Amino acid sequence: MKLAVFSLNGRRSVGVVRDEMIFDISDESSHFGSLESLLFSRPDGLEFACRALDRGSGIVLSRVTLHAPVRHPSKFLAIAANYQSHIDEVLATNPGYVPPVFQRWFAKLPSCINDPYAPILMPPETSALDYEAELAIVIGKRCRRVKAEDAASVIAGYTICNDVSARDWQKRSPTIMLGKSFDSHGPLGPWLVTPDEIPDPHDLLITCTVNGELRQSGRTGEMLNNCFEQIAYLSTVCTLEPGDLIATGTPAGTGAALNPPGLLQPGDVVRCEIERIGAIEARIVRETVAETALRYA
């Protein structure tokens, strides 16, 4: 099942995508304006969505605007250096880099979350904008100290994340959080795909193109720490809540590691695609300080 957040005529709803149609299930209960509210308010939220599908009204998918499937998670966490191919390319350009011995985590601030086809802003404060195509996990149940063998039971589904990175800001601090958290630098979508449609999250092709040129191509089975091990590790430390996001790492081909570097520029179009989920795509747009001031006036 594909669950999406969409808007039509100014109304934001949750829907189920089937073929080229989206079925609005928010009418079943007025407080289902977000996927988080669906997961939080009903222990059988995903089963409810499946039942509501038969009663929902179908809309042609091209008529609606798709939004990030999760907008306000309590946590947006991402693992660093989780593909050996990416570690190797970083070492090639930075011989002093020390690969992690344990899982290495950082936070992306939730305010960076962006819609799947919305522009990605290139702020004037960075000259080193980069892309990272990643499989993202959405947590479906409140949990703590989950064993790896039980972790599949707490997953609501999977989506695509572009872990947009300001590499110059990333290097300013060991925590790298600020370089990963500029506004619009967390595109997600185009929807959440439930585990019944992805029987093995570790057997998916993941790619990224820039202006149609293939930059990244790998398989999720290359992860050094698989999805379930990541959940077990994180939930040792903190309670995971419904709607929490986990970005699971990126394969080789990032712009900063290419020779010559292939960093993003205004006008570039970045497309991240994962087998069985779909694709997200965005144009890079230069952000000006004046525009920001107007937006928040």
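Here are some friendly notes on this predicted model, taken point by point.

1. A word on ground rules. Numbering starts from 1 along each chain as its sequence is written, and side-chain values use heavy atoms, with hydrogens and water left out. As the model is a predicted one, local features need pLDDT of at least 70 and side-chain atom pairs count only at pLDDT 80 or more, while totals for chains, interfaces and linings use all residues.

2. Overall make-up. The chain has six helices and 19 strands; these are DSSP runs numbered from the N terminus, with helices being H or I of at least four residues and strands being E of at least two. Along the principal axes, the C-alpha trace spans about 55 × 45 × 35 Å. The radius of gyration of the chain is 19 Å, which agrees with the value near 19 Å for a compact globule of 297 residues. That radius is taken over C-alpha atoms, and the globule rule is 2.2 Å times the number of residues to the power 0.38.

3. Of the 297 residues in the chain, 56% are buried (under 20% relative accessible area, with exposed over 50% and partly exposed in between, using a 1.4 Å probe and protein chains only). The accessible surface comes to about 13100 Å², and carbon and sulfur atoms account for 54% of that surface; areas come from the Shrake-Rupley method with a 1.4 Å probe, and for residues only the protein chains shown count as cover. Take the contacts (heavy atoms within 4.5 Å) between residues at least 6 apart in sequence: 75% of them join residues at least 24 apart.

4. The largest pocket. Its space is about 770 Å³. A pocket here is an open set of points on a 1 Å grid over the protein atoms alone, where a 1.4 Å probe fits, with protein on both sides within 12 Å along at least five of seven lines; lining residues have an atom within 4 Å of a point. Points are joined across faces, edges and corners, and the volume is the space filled by probe spheres set on them.

5. Who lines the pocket? There are 29 lining residues, and Val90, Asn94, Tyr97, Arg167 and Gln170 lie nearest the centre. Strand S6 (76–80), helix H3 (84–93), strand S7 (104–107) and helix H4 (167–170) each supply at least two residues of the lining, and H3 gives the most, with four. By class, the lining has 14 nonpolar, nine polar and six charged residues.

6. Ala81, between two of those elements. Ala81 sits in the loop between S6 and H3. Its phi is near 50 degrees, a positive value in a residue other than glycine. Ala81 is also buried, at a relative accessible area of 12%.

7. Another positive phi. Asn211 is not a glycine either, yet has a positive phi of about 55 degrees. You will find Asn211 in the loop between strand S15 (205–210) and strand S16 (213–219).

8. Two cis bonds to check by eye. The peptide bond from Gly189 to Pro190 is cis, with omega near 0 degrees, and Pro190 lies in strand S14 (residues 186–193). Asn259 and Pro260 are also joined by a cis bond, with omega about 0 degrees; Pro260 is in the loop between strand S17 (245–247) and strand S18 (269–274).

9. Pro123. This residue belongs to the loop between strand S9 (120–122) and strand S10 (129–130). Is Pro123 buried or exposed? Pro123 is buried, with a relative accessible area of 2%. Leaving aside residues up to four places away in sequence, Pro123 touches Phe182, His185 and Glu287. Pro123 and Phe182 are 59 residues apart along the chain, and their C-alpha atoms are separated by 8.0 Å.

Terms used
Ala, Val, Leu, Ile, Met, Phe, Trp, Tyr, Cys and Pro count as nonpolar, Asp, Glu, Lys and Arg as charged, and the others, Gly among them, as polar.
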